[in-house]
Amino acid sequence: MQDGFGRRITYVRMSVTDRCDFRCVYCMPERMRFLPRAEVLSLEEMATLGRAFVACGVRKLRLTGGEPLVRRDVMGLVRALGGLIGQGLDELTLTTNGSQLARYAADLYAAGVRRVNVSVDSLRPERFAAITRRGKLAGVLEGIEAAAAAGLRVKLNTVALRGVNDDEFDDLLAWCGVRGFDLCLIETMPMGEVDEDRTDHYLPLTEVRADLRRRWTLEPSDWRSGGPARYEMVRETGTRIGFITPMTHNFCESCNRVRVTCTGELYLCLGQEDRADLRGVLRAGGDVAAAIRAAMAFKPRGHDFVIGRDQRPAVARTMSLTGG
Ligand code: SAM
Ligand code: SF4
């Protein structure tokens, strides 16, 4: 599939649920209101969508959310989509907060998943609890250990937050280094109203990278994971560090992905409103693959994210709805 700018769309991120057992401060308000269940696609409907995307030429699917592993019976979906690997699909991956990973790691591997991204913003239990508003670091670390033991390649995702975890990047990098994990730092994006002003914690990664260079030897790497991160090799650890920089460096020109919400809306860009209602097509018994192909013509050139005091979020929906 190609969009109107000639970009090949080969990667879909599917949000399995908008629900989550954490309430990360930059992602959701404390009193997050979740969607009524009737609006959310069944797991069978999600599997049908996955098959339609693969029929349209999509090679990589990532399940995300909300927290994908809190959805009941989610492994049925993982197995259904895992069955597409080698039948057009190259890779099925997952982004998770890790809270349920200890329970599911072996099943994920058995279903064909080989890589998981686990979001960890701090390795200090109290700080971790404060950022997630309820998460327990020990359970997440246990999940990461189980994932590695099951044979899954683990990458850590860390949102860089000024005044919150900006003194921990060395520790995170070293911790990942001894375990052979890559680390990916992410700039906060202005998505959805949360209880705080994101300007207070926004940290440009250009600054972080320059600071890391004082202590680590970062060497250029053209390795890509299929997502927006730009990687550098860390000579001291032999692992990679990635930077996802939607704010300081817009990467839209090479965008290869679209997203589906748990209600079956196909969002063509994380930072814009352009979308197509696949649930309507699905429930009316229509041709989902044709609807997907038709929507590609409307994929916008890029996002217009700006973070500033008194700025409204670029889009009203939270990352947990669109699927980060
Ligand atoms: N619950 C899973 C997790 O936390 O990994 C998957 C969904 S979560 C929305 C996916 C990623 O988006 C996480 O790494 C999270 O830190 C990130 N995220 C959420 N809100 C964000 C925001 N406003 N700006 C930047 N990253 C954000
Ligand atoms: Fe949940 Fe992930 Fe959002 Fe944190 S970032 S509240 S774990 S969906």
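Predicted model: local features only at pLDDT ≥ 70, side-chain atom pairs only at ≥ 80, totals over all residues.
## A buried lysine without a partner

A salt bridge here means a side-chain nitrogen of Lys or Arg within 4 Å of a carboxyl oxygen of Asp or Glu. Lys 299 is buried but makes no salt bridge. Its nearest side chain of opposite charge belongs to Asp 3, and that one is 5.3 Å away.

As for where Lys 299 sits in the fold, look in the loop between helix 9 (288–295) and helix 10 (319–322).

## What surrounds the ligands

Start with ligand 1, which has 19 residues around it. Tyr 26, Gly 66, Ser 119, Val 159 and Met 189 come nearest. Tyr 26 brings a polar side-chain atom to 2.9 Å from an oxygen atom of ligand 1. Gly 66 uses its backbone instead: a polar atom there is 3.0 Å from a nitrogen atom of ligand 1. Thr 96 also comes in through its backbone, with an N or O atom 3.2 Å from an oxygen atom of ligand 1.

Now for ligand 2: which residues surround it? They are Cys 20, Phe 22, Arg 23, Cys 24, Cys 27, Met 28, Gly 66 and Asn 97. Sorted by class, that shell has five nonpolar residues, two polar ones and one charged one. Gly 66 is part of the shell around ligand 2 and is also among the residues that come nearest to ligand 1.

## Salt bridges, buried and otherwise

Side chains of opposite charge can pair when their charged atoms come close. The structure holds 22 salt bridges. One of them joins the side chains of Asp 182 and Arg 240, at 3.1 Å from N to O. Asp 182 belongs to strand 6 (residues 182–186) and Arg 240 to strand 9 (residues 239–244), so this pair ties together parts that are 58 residues apart in sequence. Are these two residues buried or exposed? Both Asp 182 and Arg 240 are buried.

Asp 211 and Arg 215 also meet through their side chains in a salt bridge, at 2.9 Å from N to O. Asp 211 has 30% relative accessibility, so it counts as partly exposed. Arg 215 is partly exposed too, with a relative accessible area of 41%. Then there is the salt bridge between the side chains of Arg 235 and Glu 219, at 2.6 Å from N to O. This pair links distant parts of the chain, 16 residues apart: Arg 235 is in the loop between strand 8 (230–234) and strand 9, and Glu 219 is in strand 7 (residues 218–220). At 55% relative accessibility Arg 235 counts as exposed, while Glu 219, at 26% relative accessible area, is partly exposed. Elsewhere, salt bridges that share partners join Arg 124, Arg 127, Asp 167, Glu 168 and Asp 171 into one network.

Gln 272 lies in the loop between strand 11 (265–267) and strand 12 (275–277). Why does Gln 272 count as buried? Its relative accessible area is 17%, and the cut-off for buried is under 20%. A polar atom of the Gln 272 side chain lies 2.7 Å from the backbone oxygen of Gly 302.

Val 260, in strand 10 (residues 257–260), counts as buried because its relative accessibility is 1%. From Val 260 to Arg 215 is 45 residues in sequence and 40 Å in space, C-alpha to C-alpha. Leu 141, by contrast, is found in helix 5 (residues 137–150) and counts as partly exposed at 25% relative accessibility. Not counting residues up to four places away in sequence, Leu 141 touches Leu 123 and Trp 175. Asp 73 is 68 residues from Leu 141 along the chain, and their C-alpha atoms are separated by 23 Å.

Notes. Residues numbered from 1 in each chain as written. Chains lettered and ligands numbered in written order. Heavy atoms only, no water. Near = heavy atom within 4 Å. Nonpolar A, V, L, I, M, F, W, Y, C, P; charged D, E, K, R; others polar. Helix = DSSP H or I, 4+ residues; strand = E, 2+ residues; numbered from the N terminus. Buried < 20%, exposed > 50% of the residue type's maximum accessible area, 1.4 Å probe, protein only. Lys, Arg positive; Asp, Glu negative; His and termini not counted. Polar contact = N/O pair within 3.5 Å; in protein donor to acceptor, adjacent residues only side chain to side chain. Contact = heavy atoms within 4.5 Å.
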